[in-house]
Every structure is written in C-alpha cells, then in structure tokens.
Amino acid sequence: MVTSPAKTDLPSKKDRAGRFVLEDVSVSYGNEKALEAVSFYIEPHKVTAMIGPSGCGKSTLLRCLNRMNDAIDNVKVGGKIMLNDKDIYQKAVDPVSLRMYVGQVFQRPNPFPLSIYDNVAFGPRTQGIRKKAELDQIVEDSLKKAAIFDEVKKSLKKHAFELSGGQQQRLCIARALATKPGVLLMDEPCSALDPISTGMIEETVQQLKESMTVVMVTHNMQQAARVSDTTVFLLRESMEEPAGLVEVAETSTLFTAPRDKRTENYITGRFG
Amino acid sequence: MSGSKRKEVITFSDYDSRGARRVEAIVRTFTMIVTIAMMTLVLFLLAYLFVRGVGSINWQFLSDIPRDRMTGGGIWPAIAGTLWLIALVSAFALPIGIATGIYLAEIAKPSRPVRVLRVAIANMAGVPSVVYGLFGFAAFSLALGFGKSLLAMGLTLACVTLPVVITATEEALKQIPNEQRQAAMALGCTRARTLGKVILPTALPGILTGAILGLSRAAGETAPILFTGVAFFAPVATDVMQPSMALPYHLYIMATQPTTPAPHIVWGTALVLTGMLSITNAAIATWRSAKRRKLQW
C-alpha cells in the first residue's frame, strides 16, 4: 500500500503544499459536455474558492483534482491538470498515491462507523503505519489542527456517530489531515452545518494554508469572501452549452471590482 | 367518534382532516390486530411444540441411537447428521454466496450478462426444493459420482441456500451509503481495501443474518436430501462420503410410520430441530441489533 518515493510527487520534504495548473480542462458525462475550456492556477499556501450557481460544474471540477471522478462511469476529462509539474491524468499516474497527497472533505460529514481514534488513524494505517506511539501522535496532531482535539481528547474511543454534525465534519477534516496531504479539497464543507460550526471550520481553513494548499467549493459567497485568497467563478449560461470559467482573481478584487459583467451580476445577487 | 353527529372541531382553513385521521386510525388498528394475530399463532405453535415435545427430551434422547425398531432410544445420529449438513452448507454456500454478492453489488458494472445473472438468482430462489433434490441427485450423486452421501446432500442444500446468501449480501452492501466508499477512496484506499476495511465490516451483520436464515432453511429441508443420501437409519457419519440421518427426514419418516407409531419421538425431534434453529436465529438477531444501534446513517 505504501507507495515508493518516486511515485509520490512531493515538492519537498519540508513544504508539501501543492500547486495545480489547469490547462483547457473539459469534463463530459457520456456525450454531454459539462465543463469546457477551464484554465487557471491554484497557488500553494493559498485558499482557492470555487463559486458559481448550482450546476456550474464546480464540484465536478474539484473531483478532477484528486481523480475521484474515476469511480463514476462515462466521465471523460480532457485538457491537462498539472500537479507539481506532473500531469495527473497521464497513464502512469497511481491514483491511490495521488489521493494520499490530495485529501478531500465532503459536503456531508461521512465518518466511518468506528471510534474517533480509528477514524483519524484510518489513513495512516492505510499508509502502513502500525506503531501505536506514532499513530497516537498523528491522531492528536490532526485533531488539534482540525480544532476538535479539546472536545474529544477524553473520549477518543467514543463512536464517531455520537458526535454532533459539526464535530463529525471537523473529525472528517482531521481524518483527511492525518495522511499529511499537500492539498486539501473541500466540497461545500459547511453546507450541512450551523453557523458556529461553520465559523470553526473557516478558522481551521485559515490555519491549514500554512502547511498546505486548500481548494474549496462553496455556494456561499460570503464564505468565499471570508476565507479565500483567490476566487474562481464558474458559470453555465444555458442548458445547451457546457459550463465554463468566467473569472479568476484575487478574492478582494473579484468581490469589489469584478472585471466581468456576469461576475458582477452574480455577486450582487442578480441571478444564480 | 361516538354518535351519529360529527363532533365540533376548530378549524383554521377549509381543510378538515377528520376523514384522513379516521383512515389513519383504521390502518393503525388493522395492522396492529394482524400483527398480534400472527404473534399469537407463532407463540401458540412454539408453545404447543414445547408442551408436546419437552417430555421426550432427556440425555438419552439427545445422545443415543434409535432403538427397539425406531420406537425408543435417541436421535443423536439425526442431530449429528444435521450438524454435518450445516457445516457442509456453510463451507460451500457462504464463500460462494458472499463472493457473488460482493461481485454483484461492488464490482460488476451494469451490463446485460449481470442483469441475466440477477434474474437467474431470483429464479433460483423460486425453484421448489424437491426440484433441487432431483437436480442434486442427477448432478452430484450420479454425474459427479458422490452417490448417496453427506457430500451430495451438502452440495444440494448449498444450491438451495445460495440465492438467499447472495441476495442478503447484495442488499446488505447496498445499504452502505456511497459516501463511505468515497471517504475511503479519498483517503487513498484501493477498491479492495475499501471493501475489506470499511464496507464489509459494516455490512457484516446484515450479511450474516441473511446467511444464517439461509442455513436455517437448508437445515430444515427434507426434499433436497431425499434422493441424495439421507438414511432411514445410519450410524453417525465419520466422513462426507457416507450417507447420514438428518432431523427433518427423521421427523418425516417417524410421523408417517403407520405400523409402529412413536409420537414422543416425532414431537421430540420436532422440538430439537426447531430449538436448534430458533436459538441460532435469536442469537444472530440479538447480535445484529446490538451492532445496528450504532449505525444510524
């Protein structure tokens, strides 16, 4: 299960934050093109938010970044997605190794039916780590980074399903962090949570970018404005054509001085 | 709602839900009555069985061979034969059935052959057990040359059990939300590891419940073993190539003996067979509900 160093594509031992370059990326489901001609950079140590109305392909695009689309039949990805200068869709890529480096947090909390400890230790165990002291350390560090350690430190043996929704989502973040990813993908991570849990997760995200790159899909523009450094606006203008990229800019610029009329309409709430 | 006049109700809109609520009350009462009736029937059956059979149960009955031209002694060879069959059916039907269920639920992509396979399995469940008996006799006893033996009986009963195990496995796996598979995949699990570490452990209670139900059915069947090796009288088998007695068949022959009736053996056998299966079923049900309490998706 543990992949050879040659395959793990790390930028460096110290700084693992990944960098994506998307070149003319398109995605189709069967004969239907969902997304077309998307090109932009995702910079290391930044939070990149992908916004846009429902059906604009933001989640689809996110799932390309760790090849989670592989599990869906009929999905075709065109163009190039370069991660740390390597095309992640070329034949020789080991998708399992890719996903250990590009972690993901999902829309709804999805802990395993295991204890809190075993949930966080799941990834490291998959990587072949067996020593208890080492696992203990990883579990503690990950729970701390996800800002949930203090709440659960006395009950690590407790079943994960006994936690509240917000705690479960932070547990899922801890679980994703335990594999020491260089990129964390978050697919509307707060859409099922209350405002307080949302605030805690947003704070966590701010801390995470010190050690990794974060890409977050959100339908909440205020959230994008609060947490991200760069914002990507995607839009599907009609049902007849695929969605595409409208604008990428520094978040403060995009929300105050959008270059594109469609971006302005969207962020001012005129459609979507 | 007593009397012929409608009771006054306070409404806030034109909608008056009394009719709908009456339907609800009728449905509730009807389903409750049917449930109680069913429970009573089952309890009565078990109680009757117990009352008639418990007098026969003693150490000699459980440990001795039949004596006095089948009117005395015990039923140990039949108990042992049924235990043999349960072991053999488990050995054949569980691995094959669970593997097929996993294939259908987790691995196979939807395609024509897979659809045909599903229909075939559904049909297998509908085949009368005596037909399995005939098939087993032709295939295992004659064609494969196992003759009248525990092996031929075990294989035939495994065929009876297979569709139940396959369907139970497939259904249990389908109960696991897709989010779980995605979570494991995103953590860098291969398909196999996802299955082994996340999906199967979670689905295990469901799979085993189905498997045990299938085994119980097999253990209680008479028709499939009729032609394939069940004996009127045989000593406890020491290997799988020997014929053997079995509880359901023993019950059948004892109950249809016109010349030397021995009702205490009939009822005792029935009680032992039912008891064995009920205890297993109850144990698995308890274990499953304990496991399940924690699984609220």
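Mentor: A salt bridge is taken here as a side-chain nitrogen of Lys or Arg within 4 Å of a carboxyl oxygen of Asp or Glu. In this model, which is predicted, the side chains of B:E179 and A:R108 meet in such a salt bridge, with 2.6 Å from N to O. The rule finds one salt bridge across the interface of chain A and chain B. Elements of chain A that each supply at least two residues of the side touching chain B are α2 (95–101), β6 (102–105), α3 (116–126) and α6 (165–177).

As for the extent of the interface, 26 residues of chain A are in contact with 21 residues of chain B. The size of an interface is often given as the accessible area lost when the parts come together. By that account, chain A and chain B bury about 2000 Å² between them, and 68% of this area is on carbon and sulfur atoms. Within chain A, the residues that lose the most area to chain B are A:F112, A:F122 and A:F161, which together make up 23% of what that side buries.

A:S197 is found in helix α7 (residues 195–208) of chain A. Between A:S197 and A:R108 there are 13 Å in space, C-alpha to C-alpha, and 89 residues in sequence. A:S197 counts as buried because its relative accessibility is 8%, below the cut-off of 20%. The side chain of A:S197 makes a polar contact of 2.7 Å with the side chain of A:D194.

The other residue, A:N66, lies in the loop between α1 (58–64) and β4 (75–83) of chain A. With a relative accessible area of 0%, A:N66 is buried. Its side chain is joined to that of A:Q104 by a polar contact of 3.0 Å. Leaving aside neighbours within four places in sequence, A:N66 is in contact with A:L98, A:R99, A:V102, A:Q104 and A:L185.

On chain B, a nonpolar patch on the surface is formed by B:F30, B:V34, B:M38, B:L41, B:V42, B:L45 and B:L46, with about 650 Å² of accessible area together. One of these residues, B:M38, lies in helix α1 (residues 18–53) of chain B. B:M38 is partly exposed, since its relative accessible area is 45%.

Definitions and conventions. Residues numbered from 1 in each chain as written. Chains lettered and ligands numbered in written order. Predicted model: local features only at pLDDT ≥ 70, side-chain atom pairs only at ≥ 80, totals over all residues. Heavy atoms only, no water. Patch = residues over 30% accessible without salt bridge, like charges linked within 9 Å, V, L, I, M, F, W, Y side chains within 5 Å. Areas by Shrake-Rupley, 256 points an atom, 1.4 Å probe, with all protein chains shown as cover. Helix = DSSP H or I, 4+ residues; strand = E, 2+ residues; numbered from the N terminus. Buried < 20%, exposed > 50% of the residue type's maximum accessible area, 1.4 Å probe, protein only. Contact = heavy atoms within 4.5 Å. Buried area = accessible area lost by both parts, 1.4 Å probe. Polar contact = N/O pair within 3.5 Å; in protein donor to acceptor, adjacent residues only side chain to side chain.
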